[in-house]
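Thanks for letting me look through this one with you. Here are my notes, point by point, to read alongside the model.

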Amino acid sequence: MKIKFLGTSAGWPLPRLGCNCEICSSKDPKDTRTRTQLLVNDKILLDAGPDTYKHLVSNNPQKIEAIFISHAHHDHVLGLWDISHIYNRQQVPILFVTQAVLNGIKKIFDTNLLKLKVEVIKPSERVHLKNTKVTYFPVVHGNTPAFGIKVKESKILAYIPDFNKILPSSQKVIRDCDLLAIDGSSLGKIGKTQGHISIADGIQISKKLKAKQTYFIHIGHKSATHRSLEIYLKETAGPNFHPAYDRLDLNL
Ligand SMILES: [Zn+2]
Ligand SMILES: [Zn+2]
């Protein structure tokens with residue numbers, strides 16, 4: 001499985017507009033982060049935030065076959081508008097969504113204007129895209145209906161950008177996954193908000209789930225520079241924990 005981390009920021013990109021903090025004034029390209037979005041095998045898009053255009057313009061957008069959306073917050077759906085207008089596309093991309101998420105998207109867009117095929121699926125329904133199986137699993141993200149996304153070939157990717165709790169029934173679905181990409185909205189308690197875990201929490205959750213590798217995504221402003229996060233994770237969690245960064249490519 002080919003995984004590209006197109007974007008790795010929380011709801012707002014880094015550097016933040018007008019901010020001069022250590023992260024926002026960093027010269028390290030890995031500290032420039034756009035809204036969290038992953039591309040799997042060049043054709044499956046996980047989330048469609050406001051940076052979708054920028055992410056896809058150099059990544060063969062005409063190959064996109066399927067889009068999955070974790071939840072209907074603006075930082076995960078505003079790019080649906082851009083995806084509905086791709087030239088020379090090989091097929092009309094199918095937006096696979098749960099009814100709860102589609103209801104949320106409809107509050108943001110008139111979905112009739114989006115030139116996408118929309119397929120409503122049940123939260124635990126498995127979508128087969130050739131050899132790739134994709135399933136949603138429910139997670140708790142404040143009061144917003146939200147899901148993690150499991151992508152399975154011979155190996156398993158579990159993608160959960162926004163959550164504050166994973167219920168035991170969903171933990172079972174992703175236990176022992178090969179790659180866990182999870183919410184890194186804050187480093188610790190400082191800046192931690194109601195619907196999110198911190199990176200410190202994420203380390204414990206990942207260990208409990210026995211994930212083989214963990215990459216933090218949805219990195220917020222109350223975290224640290226990429227370099228500091230790398231050192232922190234290596235020292236406190238071990239060699240299988242990393243901060244992701246924009247344009248990181250991994251093969252599973
Ligand atoms: Zn988000
Ligand atoms: Zn800043």
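What spacing do the donors of the zinc ion (ligand 1) follow along the chain? They follow D-H-x85-D-x55-H, and the points below start from there.

A word on conventions. This is a predicted model, in which local features need pLDDT of at least 70, side-chain atom pairs count only at pLDDT 80 or more, and totals for chains, interfaces and linings use all residues. Residues are numbered from 1 along each chain as its sequence is written, chains are lettered from A and ligands numbered from 1 in the order in which they are written, and side-chain values use heavy atoms, with hydrogens and water left out.

1. **Zinc ion (ligand 1).** The protein donors are Asp75 (OD), His76 (NE2), Asp162 (OD) and His218 (NE2), at 2.1 to 2.2 Å from the ion. Donors here are N, O and S atoms within 2.8 Å of the metal (3.2 Å for Na, K and Ca); water is not among the atoms, so sites may look incomplete. His76 in helix 2 and Asp162 in the loop between strand 10 (156-160) and helix 5 (168-174) are 86 residues apart, so this pair links distant parts of the chain. Helices (H or I, at least four residues) and strands (E, at least two) are DSSP runs, numbered from the N terminus.

2. **Its geometry and burial.** The four donor atoms around the zinc ion (ligand 1) subtend angles of 88 to 166°, which makes the arrangement irregular. Four donors count as tetrahedral if all angles lie between 85 and 135 degrees; four count as square planar and six as octahedral if opposite donors are over 155 degrees apart and all others between 65 and 115; anything else is irregular. His76 is buried at 0% relative accessibility, and Asp162 is buried at 3%. Buried means under 20% relative accessible area, exposed over 50% and partly exposed in between (1.4 Å probe, protein chains only).

3. Cys24 sits in the loop between strand 1 (2-7) and strand 2, and His221 in the loop between strand 12 (213-217) and helix 7 (226-236), so the pair ties together parts 197 residues apart in sequence. Cys24 is buried, with a relative accessible area of 10%.

4. **Helix 4.** In helix 4 (residues 99-108), Val101, Leu102, Gly104 and Ile105 are buried. They cover an arc of only 160° around the axis (taken from the directions from the helix axis to the C-beta atoms), which puts them on the same side of helix 4. Their cover includes helix 2 (74-77), helix 3 (80-83) and strand 9 (144-152).

5. **Core.** The largest nonpolar core has 50 residues, and Phe5 and Leu46 are among those touching the most other members. Such a core is a set of buried Ala, Val, Leu, Ile, Met, Phe, Trp, Tyr and Cys residues joined through side-chain atoms within 4.5 Å.

6. **Gln37.** Gln37 lies in strand 2 (residues 37-40) and counts as buried at 1% relative accessibility. Its contacts (heavy atoms within 4.5 Å) include Phe5, Leu46 and Tyr159.

Notes. Lists of a residue's contacts leave out its neighbours within four places in sequence.
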